[in-house]
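I opened this model to look up a few points and kept notes as I went.

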Amino acid sequence: MNIGWGLTSKCNSKCKHCYNASGMQEFKGISFEEAKKIVDKLAENGIETINYGTGESGLIDYFWDLVEYTYNKGIIQGLTTNGSSINENTIEFVKKYMNDIDVSLDYPNEEEDNDFRGSEKAWEWAINACDLLKKNNINFSIVTCMHSLNSTKENVDKFLELCKKYNCEWRINWFKPTGRGKFNDRLKLSVERVHDIFRYIVENSNIVALPDPYFSAIIGLNTRVGSPCGTESFRITPNTEVVPCVYFTKEMKSISILENSYNDVINSEVMQQVRQRDVEYCKNCEYYQYCKGGCLSRAYLEYGSINEPDAFCYKKHGIKENPLKNLKYTYEHKERKVHENYLCTLIVKPK
């Protein structure tokens, strides 16, 4: 099992797409002792990886102490950050204890990135973090939420140039209408646009990882079977409740992992529903063996049911021919990433 953990809902950014609607108000936090109890429970049950995200983890005063504690339990860790958590005071912790670092940038220029991420320091935080990570020879990714407004070929080119500058990878998440994103519906990608921009990204980069069952299946990569959410991964929310997918902040909640046993959590009604996902629409599709209905949250957020196909499914939208037919791609998987078996995403590196 691979865990996403939103330790806090507190964040010094206010991004227009934020799936957790994070901001500076902390709704509920847990103590260091409570956090260690959760880590103990995870370690005892063979959890392999944890990625910290949701709010800005570095705003928690005990965060790096918890990272050290978790490292000593043998769990591989990753951090998704707006950059403010990485500085001269924390870089040694990053170097010693972290396996993956993702620095968030949603536009390849300062003005648009600051505006979209709701902070006049967003670009500065991210670029300073990238500079510091490169200076210390720490591998990292720039992570971008691709949506209707930033998914241009010009922006893709600029992001790939930025990744070349830092010799880093680029991780792409596709916008989902949840959290604050519900109120910014204009960010939603059309099915035509998402396939077009996916093709452009992949033709101009090398795929490092594609733990997205829909895209992996329709391009013939077939590196995974079905969505990892609820079967190979789950998310711990700031109030310690478990959800099967990072994008389910209020939808399909399970029970608290702090107040209940690990077995009770993973065998809760919600988690059983996810494991029993049955997408009848997809049964006769030639991609079903690997796709299995595609991304769990894209299906649920579009159709209100996990037993529907991926919202990006071209067949569901009446498109007769595979939009990614004959796509030429290069797959260069070298080392395990925390996000590989955690959520549906795309990781590439410039050619």
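This is a predicted model: local features need pLDDT of at least 70, side-chain atom pairs count only at pLDDT 80 or more; totals for chains, interfaces and linings use all residues.

**Sheet.** I traced an open sheet of 10 strands with mixed pairing. Its strand order reads β7-β10-β6-β5-β4-β3-β2-β1-β8-β9. At the edges I found β7 (205-209) and β9 (242-243), each of which pairs on one side only. For Asn51, I noted Gly78 as the bridge partner in β3.

**Helix α5.** I took residues 122-135 next, a helix of 14 residues. From first C-alpha to last, α5 reaches 20 Å, close to the 20 Å expected at 1.5 Å a residue. I listed its buried residues as Ala122, Trp123, Trp125, Ala126, Ile127, Ala129, Cys130, Leu132 and Leu133. Which elements do the buried residues of α5 pack against? I found two strands of the sheet among them, β4 (100-104) and β5 (141-146). The helices they pack against are α3 (91-97), α4 (110-117) and α6 (153-166). After α5 I came to Asn137, with a positive phi near 55°.

**Cavities.** I found 2 cavities of 30 Å³ or more in the structure. How many residues line the second largest cavity? I noted 10, with Asn20, Thr54, Arg235, Thr237 and Thr249 nearest its centre. I recorded the lining as 5 nonpolar, 4 polar and 1 charged.

Terms used: Residues are numbered from 1 along each chain as its sequence is written. Side-chain values use heavy atoms; hydrogens and water are left out. Helices (H or I, at least four residues) and strands (E, at least two) are DSSP runs, numbered from the N terminus. The expected span of a helix is 1.5 Å times one less than its number of residues. Buried means under 20% relative accessible area, exposed over 50%, partly exposed in between (1.4 Å probe, protein chains only). Contact means heavy atoms within 4.5 Å. On a 1 Å grid over the protein atoms alone, a cavity is a set of points where a 1.4 Å probe fits but cannot get out, and a pocket is an open set with protein on both sides within 12 Å along at least five of seven lines; lining residues have an atom within 4 Å of a point. Grid points are joined across faces, edges and corners, and a volume is the space filled by probe spheres set on the points. Ala, Val, Leu, Ile, Met, Phe, Trp, Tyr, Cys and Pro count as nonpolar, Asp, Glu, Lys and Arg as charged, and the others, Gly among them, as polar. Two strands pair if DSSP finds at least two bridges between them.
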